[in-house]
Structures are given as structure tokens and as C-alpha cells.
Amino acid sequence: MERTGVSVEFDPWLKNLTTDRQVAVMSGLEHGIEFVGGPSSGLLAVRGRTLENGVYVQNMRRENGYTIDLSKSSMRQLKPNQIEQVMFHEVAHSAEYSLTSYREHEAEVDRLISFRSGRSTTLRESRLSGIIEEELCGAGYDVVYSGWYGSIYLGKTAMIDASKIPSYAAHNAEKGFQDSELAAESIRFVANNGAGKNAVADVVEVRLINGN
Ligand SMILES: [Zn+2]
């Protein structure tokens with residue numbers, strides 16, 4: 001990671017991947033860090049792990065930065081270009097870290113765990129959801145945060161536009177993670193396609209990348 005000036009600890013396990021996959025991991029990280037800037041430079045380590053089924057990779061915030069865990073089995077199955085996009089997506093998640101302190105983030109994670117386990121029936125709005133809601137409203141979209149959904153409820157026009165962000169799984173993002181996924185995929189969409197192609201992605205990307 002010389003080019004981005006970031007010193008990251010890489011799990012020796014990565015050397016087990018084919019060379020084109022290793023290159024894809026590095027390229028996705030570098031593009032992500034270059035594009036996101038600021039908070040994304042807090043990447044501490046990239047590690048191979050056994051993750052639960054269907055999880056390719058995950059971004060874990062730490063007190064002094066964040067780590068990215070890769071599913072060992074998925075990394076062998078995904079094609080290099082998919083790996084590159086997945087790595088970029090994970091780095092994009094770090095854009096939301098500048099919105100909260102680590103302590104605030106921990107409190108949000110605790111509430112999210114309680115919500116996902118069913119101990120709480122509603123989820124208090126996260127800083128990220130609040131900001132995205134405000135920005136989309138400001139752009140004329142009809143959206144409102146719903147504690148019952150644990151996410152912003154997108155009105156018709158916003159849903160139509162958001163569903164054109166190809167990998168944003170508007171309907172099947174995990175409960176409580178919908179807005180975080182919208183944020184990461186908006187950033188990736190603008191990075192891949194440029195600004196001016198999707199109004200929802202533009203609004204979210206501009207606020208998270210340039211508004212910090
Ligand atoms: Zn994600």
C-alpha cells in the first residue's frame with residue numbers, strides 16, 4: 001500500500017490466493033482509499049477469516065481505525081473483478097466513521113444488536129440515517145426514517161432512483177444495515193459511473209465524501 005501512504009497489516013493467508021486475486025484485493029483497497037479519502041486511511045489490517053454463510057467480507061470499526069475481514073472461501077470463488085468491487089465497497093463503509101466518535105458508534109452497534117435480536121422492537125435513528133434522511137429530503141425526495149424498519153423509508157421516487165444503483169439490495173439488505181448499504185453503494189456507484197447518473201447516489205456521495 002505504498003501509493004496511498006497507508007501502512008496496513010496484511011494476513012499472510014492472502015498469499016494463498018491466486019496472483020490476480022491478490023492484485024484485485026490491493027487495487028480495490030487503493031481505489032477505495034483514494035476515492036473516499038480521510039476516514040478510509042484508518043485501515044489497520046486485512047485478514048482472512050471464516051465468516052458466516054453469505055458474508056464475503058466485513059468492515060469492523062476499531063477504536064483507532066478499522067479492519068477488513070475476508071471470507072477465505074468466498075475469496076477463492078469470487079472473480080478478480082468482483083473482489084475489486086467488494087474491497088472498494090468495504091472501504092466505502094469507512095466514510096460513515098467520521099460522522100460519529102468511536103463511543104457513539106459503539107452505542108449505535110449495541111442498539112442495533114438489540115434490535116436485530118428482537119429485544120427492542122424499534123431502532124433509534126443512527127447518525128448516518130439522520131444525515132441521509134436530511135439530505136434526501138433537502139433534495140426533494142419523500143423519505144422518512146422508520147424505527148420499525150430500522151432504516152429510512154424511501155418514498156416512490158426515491159425507491160425508483162435507489163433501485164437503479166445496481167448492487168444496492170434495496171429490498172434484501174439486512175435489517176438495520178439498509179442505510180449503511182445505501183451509503184456504501186452510492187459511493188461505489190459514483191466512483192464507477194461518475195456524478196450526474198443517479199440523483200440518490202449523488203446526494204449521498206456528495207455529503208459523505210465532500211461534506212465531512
Ligand atoms: Zn456493505
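Q: What share of the 212 residues in the chain do buried residues make up?
A: Buried residues make up 36% of the chain, where a residue is buried if 20 or more other C-beta atoms, placed from the backbone, lie within 10 Å of its own, exposed if 12 or fewer do, and partly exposed in between. The model is predicted, with local features needing pLDDT of at least 70 and side-chain atom pairs counting only at pLDDT 80 or more, while totals for chains, interfaces and linings use all residues. Residues are numbered from 1 along each chain as its sequence is written.

Q: Why is Asn59 called partly exposed?
A: Asn59 has 19 other C-beta atoms within 10 Å, and is therefore classed as partly exposed. Asn59 lies in strand β3 (residues 57-62), strands being DSSP runs of E of at least two residues and helices runs of H or I of at least four, both numbered from the N terminus.

Q: Which residues does Asn59 touch, leaving aside those up to four places away in sequence?
A: Its contacts beyond that range are Tyr66, Ile68, Glu90, His93 and Ser94, a contact being a pair of residues whose C-beta atoms, placed from the backbone, lie within 7 Å.

Q: What makes β1 and β3 the edges of their sheet?
A: The sheet is open, with 4 strands in the order β1-β2-β4-β3 and mixed pairing. Both β1 (9-10) and β3 have a single partner strand, so one side of each is left without a neighbour in the sheet; strands pair if DSSP finds at least two bridges between them.

Q: What makes β4 mostly covered?
A: Of the 7 residues of β4, 5 are buried.

Q: How does the span of helix α8 compare with the expected value?
A: Helix α8 (residues 199-210) has 12 residues and reaches 16 Å from its first C-alpha to its last, close to the 16 Å expected, the expectation being 1.5 Å times one less than the number of residues. The buried residues of α8 include Val200, Ala201, Val203 and Val204, and what covers its buried residues includes α5 (127-138), α6 (156-162) and α7 (178-193).

Q: Where are the domain bounds, and how many residues of each domain are in contact with the other?
A: Domain 1 spans 9-99 and domain 2 spans 121-210, bounds that come from an automatic or database domain assignment. Across the boundary, 10 residues of domain 1 are in contact with 11 residues of domain 2. On the side of domain 1 that touches domain 2, α3 gives the largest share, 5 residues.

Q: Why is the chain called as compact as a globular protein of its length?
A: The chain has 8 helices and 6 strands. Its radius of gyration, taken over C-alpha atoms, is 17 Å, close to the 17 Å that the globule rule (2.2 Å times the number of residues to the power 0.38) gives for 212 residues, so the chain is as compact as a globular protein of that length.

Methods
Two residues are in contact if their C-beta atoms, placed from the backbone, lie within 7 Å.
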